[in-house]
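Hi,

Have it open while you read, and click on the residues as they come up.

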Amino acid sequence: MNINQQIIDGLHSPEELEKLYREHKKEFCDFFNSNTEYSDSELFKFWKVRLAAETSHSRHKVLKSDIIFVILVSVFSGLLLKLPDFFAQLDRNSFYLRNLSLILFNALIYYAFWQNKLFAKRELVGYTISIAALAVYVNLLPVTKSDSVQLALLHLPVLLWYLFGWVMVSFEWKNLNQRMNYIRFSGEFLVMTGLIMIGGGLLTAISINMFSAIGMNIENFWMEYVVIFGGAALPVVSVFLINIYPDITGKITPVLARIFSPLAMITLAVYLVFLLLSGNSNIMKDRNLLIILNIILFAVLVLVLFSISEIDKSKKKNAGVFVLFLLTLLAILVDVVAITAIISRLFNGFTPNRTVVLGFNVLIFINLIILLRKLFRSFFHPETLEEVELSIARYLNVYFLWTLIVVFVLPVLFSFR
């Protein structure tokens, strides 16, 4: 029995909840932060108040040391991003293509070590050696006119996202609940980062125009220093703010997903009808259309995942589950169109692009089929809704293996062309 079900079963036993809190503190806190459907329980209300008080108290303890670390790691990342300015022989475009994700994720991962107090020498040294080896590999790849290398570099942030996840869950990757917490955190991270970027964009526009009004042109300085160092700090600051104010993004993300799920279902249904009835022969040839279809499929997975936490798990034949079922079914139909288009292009031979797109679509097709089956069962048995989330967590291993193949095997397989 997983920890969430144990907490639910223990909502009538103060002793059992106290025991679970002491043995599984992080998972226990995550449950009470992300659930509201048990608010009728007096014990649930009590633990919400108690955990909120503890969270408030812990903020004051972490602020001083964390702020110093955030500043240090942000400045260091900013200096790394300025390397093309310090060394003229470095090509700016090539440098950022190869190293931007490495620099930003490296800052995040070291901050995760700090945040989780993972100071064991073995883990830190192991990660440092791994990231150094990865940096050497990436910078030795021949980028010029090489689709396979370009694809490897595009998948590099995904590989780094996995590395970040391992550290964030304190290397407990086999724990599916920990994986789910990390996936939810990733959604919260995107929301927080987006909010900060909007604020940063407004600040940039206002500042440049204010100084321009008094005859001072600060645009070059602002872009070269404020934007560069601000961008380097952005990911770490986002994680820092999520840790201080976990309730903000934790509530926004599932609500947004629940709002957009029915809208996405309607849009996808209309789009699929027009796509099939348009008589457009370019469906089988248009690369941009295939990219759009793949983005749609990924978006559906995200919406399904983050909508589930807002669904009442005690109600049979829930309309929310039915919407997610239809959304997943429509995504499968879109994926069939995409796979058909890719296979038709394979008659002209395999290329790195076709291989990667076909592989991704086959993997996501299998994932969607699994989700559809789980959602259908959950419609009649809501207690199995958590299994939908766990199936996504399990399938992360498949995507990770595919990412490793694209980053390390694909360039060699196609002789770096």
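The structure holds 25 aromatic pairs; rings of Phe, Tyr and Trp (its six-membered ring) pair if their centres lie within 6.5 Å, and planes under 30 degrees apart count as stacked, over 60 as edge-to-face and the rest as tilted. One of these is the stacked pair of Tyr182 and Phe185, with 6.3 Å centre to centre and 20° between the planes. Both residues sit in helix 9, three residues apart, or about one turn of the helix. (Helices here are DSSP runs of H or I with at least four residues, and strands are runs of E with at least two, numbered from the N terminus.) Tyr182 and Phe185 are both buried, where buried means under 20% relative accessible area, exposed over 50%, and partly exposed in between, using a 1.4 Å probe and protein chains only. Ring pairs also link a cluster made of Trp161, Tyr162, Phe164, Trp166, Trp173, Tyr182, Phe185, Phe189 and Phe400.

Before you go further, keep in mind that this is a predicted model: local features need pLDDT of at least 70, side-chain atom pairs count only at pLDDT 80 or more, and totals for chains, interfaces and linings use all residues. Residues are numbered from 1 along each chain as its sequence is written, and side-chain values use heavy atoms, with hydrogens and water left out.

Now for the cores. In soluble globular proteins, nonpolar side chains tend to be buried together. A nonpolar core is a set of buried Ala, Val, Leu, Ile, Met, Phe, Trp, Tyr and Cys residues joined through side-chain atoms within 4.5 Å. Which residues touch the most other members of the largest nonpolar core? They are Leu134, Leu160, Phe164 and Phe185, out of 97 residues in that core. Helix 13 (residues 319-345) gives the most to this core, with 14 residues. Another core, of 14 residues, lies apart from it, and includes Ile3, Leu11, Phe31 and Leu51. Back to Leu160: not counting residues up to four places away in sequence, Leu160 touches Ser101, Leu102, Phe105, Ile109, Ile131 and Leu134, where contact means heavy atoms within 4.5 Å.

Next, how the helices pack. Two packed helices are described by the angle between their axes and the distance between the axes. The axes are lines fitted to C-alpha atoms, for helices over the stretch in contact, and angles run from 0 to 180 degrees between N-to-C directions. Helix 6 (residues 92-115) and helix 10 (residues 219-244) pack at about 30°, with axes 10 Å apart. On the helix 6 side, the contact includes Arg92, Tyr96 and Leu104, and on the helix 10 side Glu224, Ile228 and Gly231 are among the residues. By class, this contact has eleven nonpolar, three polar and two charged residues. (Ala, Val, Leu, Ile, Met, Phe, Trp, Tyr, Cys and Pro count as nonpolar, Asp, Glu, Lys and Arg as charged, and the others, Gly among them, as polar.)

Helix 8 and helix 14 (residues 352-380) pack at an angle of about 35°, with their axes 8 Å apart. Here Asp147, Ser148, Leu151 and His155 of helix 8 meet Pro352, Asn353 and Val356 of helix 14. That contact divides into three nonpolar, three polar and one charged residues.

Ser238 is in helix 10. Is Ser238 buried or exposed? Ser238 is buried, because its relative accessible area is 0%. Leaving out residues up to four places away in sequence, Ser238 touches Phe189, Met192, Thr193 and Ile196. Thr204, in helix 9 (residues 176-213), has 16% relative accessibility and so counts as buried. Its contacts, apart from neighbours within four places in sequence, are Trp222 and Met223.

Finally, two loop residues. Lys117 has a positive phi of about 55° although it is not a glycine. Lys117 lies in the loop between helix 6 and helix 7 (121-140), and counts as exposed because its relative accessibility is 52%. Phe171, also not a glycine, has a positive phi of about 65°. Phe171 is in the loop between helix 8 (147-168) and helix 9, and at 38% relative accessibility it counts as partly exposed.

Cheers
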